[in-house]
Amino acid sequence: MTTTTLLFRDDAYATACEARVLGTTPEGGVILDRTVFYAQGGGQPGDVGAIVRANGDRFDITNTVYGADRSQIVHLVGPEAASRFEGGETAELQLDWPRRLRRMRVHTALHLLSVVLPYPVTGGAIGEGDGRLDFDIPDAGLDKAEITEKLNALIQRDAPVTERWITDEELDANPGLVKTMSVKPPRGSGRVRLVEIEGIDLQPCGGTHVRRTGEIGTVAITDIEKKGKQNRRVRMSLVD
């Protein structure tokens, strides 16, 4: 089976690409041999945008998800639109870049939040310009203003954000790298992708991130909710 090459893993700033159609799905998805679209997972929504056929036909992509065995990525356009695509034809993908960039800024900021609050992470989600992390924290007072100040101080360091890969065995030997209790790093290929914020953080992650923390801009902690005896939901939003 031909797999989908994940161009966003090598360049999260690529906004378009040409790709060959591998097939379609009954649910209205188009499978391509390569993509700049991030597939829904790890708390980050799937990308949206458009796909344009060689004859100029243009269709909205409403979500991007993994196929059944996660080796292919499915671009959802609806059954009627998907029925027009033929295997082997070439099409152009056009990413909704402003939306993706906001998600990249939020995602990178959430990594920094896990440094400001160094507790086990039990869940998380990335929205349109905002996001949240759930922490396993004993009953203790958390101050929104204090967390906001510490978070923005880390952002203003403008630290480089880079990726590298380690083997499954190296991850097993360093279990402290994994901060999330509910979402485990994607495994099965024999290697795991690490995202490093220079001098600040290092953890497994398959998501998209900005190149430097300064690109996040100013953020604010907007709410802290008590979700259980030892669970606190911390909500964050981009200010600009």
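The following legends describe close-up views of a predicted model.

Residue numbers start from 1 along each chain as its sequence is written. As the model is predicted, local features need pLDDT of at least 70 and side-chain atom pairs count only at pLDDT 80 or more, while totals for chains, interfaces and linings use all residues; side-chain values use heavy atoms, with hydrogens and water left out.

**View 1. Overview of the chain.** The chain holds five helices and 16 strands, where helices (H or I, at least four residues) and strands (E, at least two) are DSSP runs numbered from the N terminus. Of the 240 residues, 48% are buried; buried means under 20% relative accessible area, exposed over 50%, and partly exposed in between (1.4 Å probe, protein chains only). Among contacts in the chain with a separation of 6 or more, 65% come from residues 24 or more positions apart; a contact means heavy atoms within 4.5 Å.

**View 2. The aromatic pair of Y13 and W97.** Three aromatic pairs are found in a search of the whole structure. Rings of Phe, Tyr and Trp (its six-membered ring) pair if their centres lie within 6.5 Å, and planes under 30 degrees apart count as stacked, over 60 as edge-to-face and the rest as tilted. Y13 and W97 form a tilted pair, at 5.6 Å centre to centre and with 50° between the planes. This pair links distant parts of the chain, 84 residues apart: Y13 belongs to the loop between α1 (7-10) and β2 (16-25), and W97 to helix α3 (residues 97-116). Y13 is buried at 19% relative accessible area, whereas W97 counts as partly exposed at 21%.

**View 3. Arginines over aromatic rings.** A charge sits over a ring if NZ of Lys or CZ of Arg is within 6 Å of the ring centre and within 35 degrees of the ring normal. R53 lies over the face of F85, at 5.6 Å from the ring centre. R70 lies over the face of Y66, at 4.0 Å from the ring centre.

View 4. Most residues other than glycine have a negative phi. R70, in the loop between β7 (63-66) and β8 (73-76), has a positive phi of about 65°. D158, in the loop between α4 (144-155) and β12 (161-167), likewise has a positive phi, near 50°. D158 is partly exposed, with a relative accessible area of 30%.

**View 5. The open sheet of four strands.** The strand order is β10-β11-β16-β15, with antiparallel pairing; two strands pair if DSSP finds at least two bridges between them. β10 (121-126) and β15 (219-228) stand at the edges with a single partner strand each, so one side of each is left without a neighbour in the sheet. From one strand to the next, the twist averages 15°. Axes are lines fitted to C-alpha atoms, for helices over the stretch in contact, and angles run from 0 to 180 degrees between N-to-C directions.

View 6. Eight bridges join β15 to strand β16 (residues 231-238) in the antiparallel sense, and K226 stands opposite R232 in β16. Helix α3 packs on the sheet, touching β10, β11 (130-136), β15 and β16, and its direction makes about 25° with that of β11. Helix α4 also packs on the sheet, where α4 touches β15 and β16 and its direction makes about 130° with that of β15.
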